[in-house]
Amino acid sequence: MLSPIPTVHDLVADEITHHFDDMIAPAGLTNFLGTVRVDHDLVALSAVQFPPVSQGLAQTATLFVDGRVFASWGAEVSHTWRPDRVTRSATLPGLEIETITACVPGRPAVVVDIHVRNTGAGARTLTLGLSLSARVTRAAGAWLDAESPSAETVATAEHDRIRFVAPDASAVSIQGLDAPASYARSGVASPADGLEVGLGGNGRGGSVSVDMTMDAGASARVGYVHVVGADVSVAEADFDAIVADVPGVVAAAEEFWNAQLEATFTPGNSEFSGHLPRLETSDESLRRIYWWAALGLIWFRRDFPGNVLGRSYDTLMPNYWGTTTFIWDYSLSSLSHALLDPTEMRRQLLHWINLDIHGHFGSSSLTGGPVGRWYSVNDYAMTRLVHDYLRVTGDDGFLDEGTPEGTVRDSLMAWATAWRELRRGTALADYGEIDNLLECVSSYTHEVASLNAANVWCMRTVAEILGRVGDPRADDLRRGADELLPHVLSLYRRGEGFFAARQPDGTELPVRHCYDFSIVGTTIAGDLDEQTRSEMVAFFQRELQTETWMRALSPWDPDASFSVRPDHQWNGAYPAWPADAGRALRELGAEDVLVGWLDGLACTANQGPMGQAHFVPEAVPPINGGARKAPPQLPYIIDWACSSSGAWTALIVEALFGVSVTVDGTVHAGGPVARIDRSATLRGLRVGDRLVDIAADGTVTDAIP
């Protein structure tokens with residue numbers, strides 16, 4: 001049996017090969033201070049952002065080989081990702097080039113270690129060149145757009161670096177090599193903002209080139225360093241320290257990430273305020289999915305100086321919303337946050353409560369202020385978050401924290417009943433238009449089954465919490481849940497397995513979307529009759545499930561023509577949807593379907609942390625058997641990784657091991673995991689002040705220190 005704690009070597013993604021502009025999602029790297037996108041070129045980087053400094057999606061370090069831009073050679077490029085690095089390689093006539101890209105631990109910087117081997121029959125001299133650019137800026141406030149800010153800079157070339165400085169000197173990017181080289185400013189003026197945005201211009205601030213002489217079969221190397229900062233002198237010092245030992249930085253990144261992975265599964269560690277339980281199993285699929293889920297959560301930790309919360313967890317990377325935490329996505333990893341970092345979670349929840357959750361979809365870690373429009377899910381999301389926090393930590397004092405409504409207890413009451421103010425002459429809440437819900441499903445609007453079912457769950461859950469302290473409002477909530485339930489069920493399409501969305505004029509639009517399946521299945525499955533449960537499962541298997549992923553929307557739905565954004569449409573699904581669908585399957589009594597799906601889902605854990613969406617195979621061919629990550633370019637605009645990966649932790653813990661923790665700390669277990677591995681065990685699951693072990697047969701015992 002493998003160690004229950006992975007290292008970076010256990011989390012290596014499959015090699016991905018491609019040619020110029022193939023439909024491949026460029027990978028990301030992080031050191032918790034910021035992020036960088038590793039582009040298709042062997043050296044090129046973009047989206048270099050270390051808050052509060054950013055460069056938008058500007059690309060730099062574009063490779064030239066003997067004066068010719070690398071992409072034009074037509075060579076196949078191979079990318080291999082792992083937590084600490086991305087390795088890129090390609091073969092040209094008489095040459096093999098391999099690069100290793102890593103974020104520098106503890107510094108706002110990235111390095112690329114470039115290795116070249118002469119495969120020709122004789123000695124040769126090679127010229128490697130890099131076209132350097134930067135649009136570095138320090139925004140005065142929050143990053144309120146999906147793409148981080150960028151601006152024109154002034155470039156100066158010296159003998160060992162090119163410096164890009166914002167006109168007001170508030171931000172700087174310093175780039176160069178760790179070997180003697182030739183540096184020059186570009187003779188081309190910087191493009192205007194309109195040109196860059198409208199015509200795709202990237203800018204040419206300068207260039208650097210180095211000559212390499214190699215005997216036949218011999219190799220040479222050179223290191224590229226890119227540092228950003230808000231203080232020129234500090235950035236210069238960082239550059240000098242890094243350029244002195246690029247290979248040492250690459251090795252340090254491996255040590256850094258191995259330490260983070262060990263801390264993730266270790267009680268009392270120094271990196272997180274909690275930990276995730278260790279999974280002991282001989283089953284490769286279980287282990288792969290669980291480690292994948294853990295990595296996809298810690299990947300979004302942000303500890304940069306100036307973070308108003310001290311620590312936060314971003315939602316997407318490396319392309320979009322670089323300093324924003326979405327309430328919805330955070331809630332999809334709710335159990336994971338409560339287990340891994342409850343101190344951060346408590347602080348984040350209080351911040352949102354005091355910010356008013358009805359006016360935004362998330363908050364900025366730069367300012368603490370709101371970002372975006374209201375998302376209809378917010379009341380349910382916050383109720384779920386507080387519920388998970390309470391039952392995992394046992395922190396009853398949290399309920400007495402002051403909020404605009406009075407206390408957290410009062411805020412829970414407000415969220416559980418907020419739906420009543422959204423009624424428009426009917427018994428159900430009207431959750432608004434497309435932008436408040438799924439964004440790219442035009443029929444999923446107004447009175448939807450999912451969030452109205454969630455209202456039933458919220459009232460019951462808050463009643464349980466309030467009932468523990470004798471709060472008389474609990475009885476009103478229970479009555480309200482019972483009264484609302486039949487109205488939710490009235491949206492069900494008997495015999496078809498899915499629900500309708502009722503419009504303001506009273507018409508009902510049938511919507512074959514997974515969100516109704518998952519939320520109804522995880523909130524009110526026990527209230528459904530056997531026929532409804534079996535019809536819902538049959539619909540899921542017939543129209544949504546694929547071997548290695550799922551469709552968010554059925555291809556038989558008329559709205560399948562509306563959009564090709566694969567997070568919510570027929571051609572793919574958001575990363576939390578398969579995990580939540582799996583939990584719903586268990587609640588609906590379809591454990592066999594869930595167990596039979598796992599090996600296929602594990603195949604998709606082969607491209608690094610989960611993407612914001614993966615394609616189904618009918619839309620785009622898989623990568624080595626795994627559902628392909630969707631790319632950032634239009635019309636898909638999908639990011640490479642998404643924090644809702646933590647939903648898969650709940651799939652393993654709650655659905656497969658059957659762990660149920662009540663708000664008073666009582667633990668029950670018993671799920672279908674024994675059908676996969678009779679010896680599987682979760683060790684060190686935190687419940688209040690206890691650590692418990694969960695066996696595959698449902699036995700719960702106190703963990704041995």
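This is a predicted model: local features need pLDDT of at least 70, side-chain atom pairs count only at pLDDT 80 or more; totals for chains, interfaces and linings use all residues.
**Cavities, cysteines and strands**

Visitor: Which residues line the second largest cavity, and which elements give two or more residues to its lining?

Guide: The lining is made up of Leu335, Leu339, Arg391, Val392, Val653, Glu654, Val659, Val661, Leu685, Arg686 and Val687. The elements with two or more residues in that lining are α6 (334-340), α8 (378-393), α16 (647-656) and β37 (681-687).

Visitor: What makes up the lining of the second largest cavity by class?

Guide: Eight of its residues are nonpolar, three are charged, and none is polar.

Visitor: How many cavities of 30 Å³ or more does the structure hold, and how much space lies in the largest cavity?

Guide: There are five cavities that reach 30 Å³ or more, and the largest cavity contains about 160 Å³ of space. Its lining consists of 16 residues, with Ile16, Ala25, Ala27, Gln607 and Trp640 lying nearest the centre. Strand β9 (residues 77-82) supplies the largest share of that lining, three residues, and by class the lining divides into 10 nonpolar, three polar and three charged residues.

Visitor: Why is the sulfur of cysteine 514 too far from the closest cysteine sulfur for a bond?

Guide: A disulfide requires two cysteine sulfur atoms within 2.5 Å. The closest cysteine sulfur to that of cysteine 514 belongs to cysteine 440 and is 11 Å away, so this pair is too far apart for a bond. The structure as a whole holds zero disulfides.

Visitor: Why does cysteine 514 count as buried, and why does cysteine 603 count as partly exposed?

Guide: Buried means under 20% relative accessible area, exposed means over 50%, and partly exposed lies in between. Cysteine 514 has 0% relative accessibility, and therefore counts as buried. Cysteine 603 has 33% relative accessibility, and therefore counts as partly exposed.

Visitor: How do you know that the reach of helix α7 is close to the expected 20 Å?

Guide: The expected span is 1.5 Å times one less than the number of residues. Helix α7 (residues 342-355) has 14 residues, and from its first C-alpha to its last it reaches 20 Å, which is close to the 20 Å expected. The buried residues of α7 are Pro342, Glu344, Met345, Gln348, Leu349, Leu350, Trp352 and Ile353, and just after the helix aspartate 356 takes a positive phi of about 80°.

Visitor: What makes strand β20 largely enclosed by the rest of the structure?

Guide: Strand β20 (residues 219-229) is described as largely enclosed because eight of its 11 residues are buried.

Visitor: How do you know that strand β12 is joined to β20, and that strand β17 is joined to β20?

Guide: Two strands pair if there are at least two bridges between them. Nine bridges join β12 (residues 109-118) to β20, and these two strands run antiparallel; one example is valine 116, whose bridge partner in β20 is alanine 220. Six bridges join β17 (residues 172-177) to β20, again antiparallel, and serine 173 has valine 228 as its bridge partner in β20.

Visitor: Why is valine 112 called buried?

Guide: Valine 112, which lies in strand β12, has a relative accessible area of 0%, and so valine 112 is buried, since the limit is under 20%.

Technical notes
Residues are numbered from 1 along each chain as its sequence is written. Side-chain values use heavy atoms; hydrogens and water are left out. On a 1 Å grid over the protein atoms alone, a cavity is a set of points where a 1.4 Å probe fits but cannot get out, and a pocket is an open set with protein on both sides within 12 Å along at least five of seven lines; lining residues have an atom within 4 Å of a point. Grid points are joined across faces, edges and corners, and a volume is the space filled by probe spheres set on the points. Helices (H or I, at least four residues) and strands (E, at least two) are DSSP runs, numbered from the N terminus. Ala, Val, Leu, Ile, Met, Phe, Trp, Tyr, Cys and Pro count as nonpolar, Asp, Glu, Lys and Arg as charged, and the others, Gly among them, as polar. Buried means under 20% relative accessible area, exposed over 50%, partly exposed in between (1.4 Å probe, protein chains only).
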